[in-house]
Structure formats: C-alpha cells, structure tokens
Amino acid sequence: MEETTDKLRTMAGHGKTRPKNSGTKQLFDNPILEALSRTHIMVPISMWLILSVFLGWYAFTYTDMATSTIGTLFVAGLLVFSLFEYVLHRYLYHLTPSTPKRAKIQYTFHGVHHEYPKDKTRLAMPPALAIVVAGFFFGMFFLLMGEAAYAFFPGFLVGYSGYLATHFIVHAYAPPKNFFKQLWINHSVHHYKNPESNYGVSSPFWDYIFGSFQK
C-alpha cells in the first residue's frame, strides 16, 4: 500500500523524483492545447492589473460607495487572496493523489511545475483558463456582496498579480540581495527540501499561523 502511494505521488510530481533545473515537459499532443498551457508571465500580470484599474475606476465612478469604503474593500481583497493562495496551494495542488487519474490531473495542474520548476512558461495559470476562473470568482463575489465586488475584486487581483510576480522572481533569478531573498529561500525549501511545507509564496504569514513553515 505504501509503495502504491509513493508511485502515485511520483506520478503527481510530489514524489522522490529530483526537480530538473532545465528543460520543459510536453503535456498535450494537440499543439493548440500545448500552446494554451503556457504563457509569458507579463501576459496575466498585465491582464489583471488593467482589469483591477478598470474595476476600481468603475467603483469610484458608478457606485455610491465612499472612498474609505472602497479602500477598505480593496485591502480586504488583498488579505483574502493571501489566505486563498495558501489554501489553494496546500489543499488542492498538494492533495494526496489516491488514484492514477487524480495523480495525472494533479501532475498537469501542479506536479509538472515541481518537476520543472525553472520552466518560465509554466509559472502562471494560462490566460485562457484564468479568464474563466476570474469570471467565476467575480460572479461569486458579486452574488455575495453586490456592488462592493467592484472594489473588493481589484484587491484580490492585485494580490494575485503580486503572487505571480513573486513566484516568477524566485524561480527565474538567482537569490536577490533584497527583501525577495527570504521569499526565494522559503520557496526553495518547498521545492527542494519539503514540498509539504512553506505553501505561501508571496508571504509566509499563513505558514506561521497554520504551523507549516520550515526553515
């Protein structure tokens, strides 16, 4: 049973296979799907920052919310994303694979990144999929909070953009000589020492809170 679990974890990219520091992996035989599974990091970052500015402008221009309310909702969006980043990474991307099918799905979504952590084209969710996911989340927030979503969602998206930028920096460059250095070290522990720790990329805050931080 333990041997089977180890094999499934290896299939999902969370096993004992050492990360490869160069190269890439073809995920799809269809060239269109393969192309859609990759992106330059500035594409999603630009998309979400532009959308954030537009939604913020809409909140100021076409809603009755006070400036202080808009600012508070924006900060709340940032904080909620930081928790969402942690929960998604820990409980979805690193969910223990229990079947070959689940292991394959997890490898496609996240395991390939653990096997090829230096592949710059797979450091962000591809835009085609990300647009659908963003639409779902905005719709959900709008149903829950109404027009407040126009101020809350920009904070959420800016948090996501910060995560994308940080994730790219710690994978694409040598340890920087600034405040990113500690984030670089934290994420390196996750990839090269213990993938069941240090789930926070843009911040180790929730790792400290939930006891999953490792030096």
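## Largest cavity

The lining of the largest cavity comprises three nonpolar, four polar and one charged residues. This is a predicted model. The residues around the largest cavity are K118, V170, H171, W184, H187, S188, H191 and Y192, and the volume of the largest cavity is about 50 Å³.

Two helices, helix 7 (149-172) and helix 8 (180-192), each give at least two residues to this lining. Helix 8 has the largest share, with five residues.

## Second largest cavity

The count of cavities of 30 Å³ or more is two. The second largest cavity holds about 40 Å³ of space. Its lining is made up of S82, E85, Y86, G200, S202, S203 and W206.

Helix 4 (residues 67-93) contributes the most to the lining of the second largest cavity, namely three residues. By class, two of the lining residues of the second largest cavity are nonpolar, four are polar and one is charged.

## Largest pocket

The largest pocket contains about 1,200 Å³ of space. It is lined by 42 residues, and those closest to the centre of the pocket are Y93, F109, M125, P126 and L129. Helix 2 (31-36), helix 4, helix 5 (100-115), helix 6 and helix 7 are the elements that each supply two or more residues to the lining of the largest pocket.

Helix 5 provides the largest share of this lining, eight residues. Sorted by class, the lining of the largest pocket has 31 nonpolar, eight polar and three charged residues.

## Packing of helix 3 and helix 6

Two packed helices are described by the angle between their axes and the distance between the axes. For helix 3 (residues 42-62) and helix 6 (residues 127-145), the angle is about 30° and the axes lie 11 Å apart. Helix 3 is therefore roughly parallel to helix 6, as angles under 35 degrees count as roughly parallel. The crossing of helix 3 and helix 6 is right-handed.

On the helix 3 side, the contact is made by V43, M47, W48 and L55. On the helix 6 side, P127, A130, I131, A134 and F138 take part. The contact between helix 3 and helix 6 has nine nonpolar residues, with no polar and no charged residues.

Conventions:
Residues numbered from 1 in each chain as written. Predicted model: local features only at pLDDT ≥ 70, side-chain atom pairs only at ≥ 80, totals over all residues. Heavy atoms only, no water. 1 Å grid on protein atoms, 1.4 Å probe; cavity = no way out; pocket = protein on both sides within 12 Å on 5 of 7 lines; lining within 4 Å. Points joined across faces, edges and corners; volume = space filled by probe spheres on them. Helix = DSSP H or I, 4+ residues; strand = E, 2+ residues; numbered from the N terminus. Nonpolar A, V, L, I, M, F, W, Y, C, P; charged D, E, K, R; others polar. Axes fitted to C-alpha atoms, helices over the stretch in contact; angles between N-to-C directions. Parallel < 35°, antiparallel > 145°, perpendicular 65-115°, else oblique. Left-handed = near helix turned anticlockwise from the far one by under 90°. Contact = heavy atoms within 4.5 Å.
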